[in-house]
Amino acid sequence: MNTQGSNAFKVTICTALLLTSGLVGTAMPNKAEAQPASPFLYCFVSPNSQPGGPLGLCSSQYPSASYSASFSVQNLPAGTYSFVWTNEIGQVLPCTWSSCTVNYLGGMMISDVIYVNYTNTTTGASNTLSRAVAINGPY
């Protein structure tokens, strides 16, 4: 009897059972949660009943009278940058650094998109990043 082939078959069956049961999937890191190598906009809404991952957590269902959404540009190449922050309706936010906090009232469903345009002041190269915010509603 070929024990190597038999063991490999048992491992394959066990792995398939674990994957279909969801036991392995919950313990393994989500590839979508991996931190990207290029610049990205981190976001975390607080208060929150859930921890944020490498990209943050830009939504909350936690009951509160008010919320704060904290944003920061991550993974920028070395250099000097200027930043312009705006919201979904084009209002310029009072933030001029690589991070910004936006406050929201609680007790209602909130949907917003925050944009940041960053410009390398030496080269003139610019890019815009954005994140959607969802509070007390669908994401």
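Me: Hi! Which residue in strand 7 is the bridge partner of Trp85?
Reply: Hello! The bridge partner of Trp85 is Val116, in strand 7. Keep in mind that this is a predicted model.

Me: Got it. In what sense do strand 5 and strand 7 pair, parallel or antiparallel?
Reply: Antiparallel, over six bridges. Strand 7 covers residues 110-120, while strand 5 covers 81-86.

Me: And what holds paired strands together in general?
Reply: Strands of a sheet pair through backbone hydrogen bonds, and they can run either parallel or antiparallel.

Me: OK, what is the order of the four strands in the open sheet?
Reply: The order is 3-8-7-5, with mixed pairing. The edge strands are strand 3 (59-60) and strand 5 (81-86), each of which pairs on one side only.

Me: Let's move to strand 1. How many bridges does strand 1 make with strand 4?
Reply: Seven bridges, in the antiparallel sense. Strand 1 spans residues 40-46 and strand 4 spans residues 66-74. If you'd like a spot to look at, Leu41 stands opposite Val73 in strand 4.

Me: What about strand 1 and strand 2, parallel or antiparallel?
Reply: Those pair in the parallel sense, over two bridges, with strand 2 being residues 56-57. Here you can find Phe44 opposite Leu57 of strand 2.

Me: New topic! How many disulfides does the structure hold?
Reply: Two. One joins Cys43 to Cys58, with an S to S distance of 2.0 Å. Cys43 lies in strand 1 and Cys58 in the loop between strand 2 and strand 3, so this pair ties together parts that are 15 residues apart in sequence.

Me: Remind me, what is a disulfide?
Reply: It is a covalent bond between the sulfur atoms of two cysteines.

Me: Thanks! Which cysteine is joined to Cys95?
Reply: Cys95 is joined to Cys100, with S to S 2.0 Å. Counting the bonded cysteines along the protein chain in sequence order, the pairing is 1-2, 3-4.

Me: Why is the disulfide of Cys95 and Cys100 called right-handed?
Reply: Because the torsion about its S-S bond is about 55°. The disulfide of Cys43 and Cys58 is right-handed too, since its torsion is about 75°.

Me: Last one: is Cys95 buried or exposed?
Reply: Cys95 counts as buried, at 11% relative accessibility, because buried means under 20%.

Methods: Residues numbered from 1 in each chain as written. Predicted model: local features only at pLDDT ≥ 70, side-chain atom pairs only at ≥ 80, totals over all residues. Heavy atoms only, no water. Pairing = 2+ DSSP bridges. Disulfide = S-S within 2.5 Å. Buried < 20%, exposed > 50% of the residue type's maximum accessible area, 1.4 Å probe, protein only.
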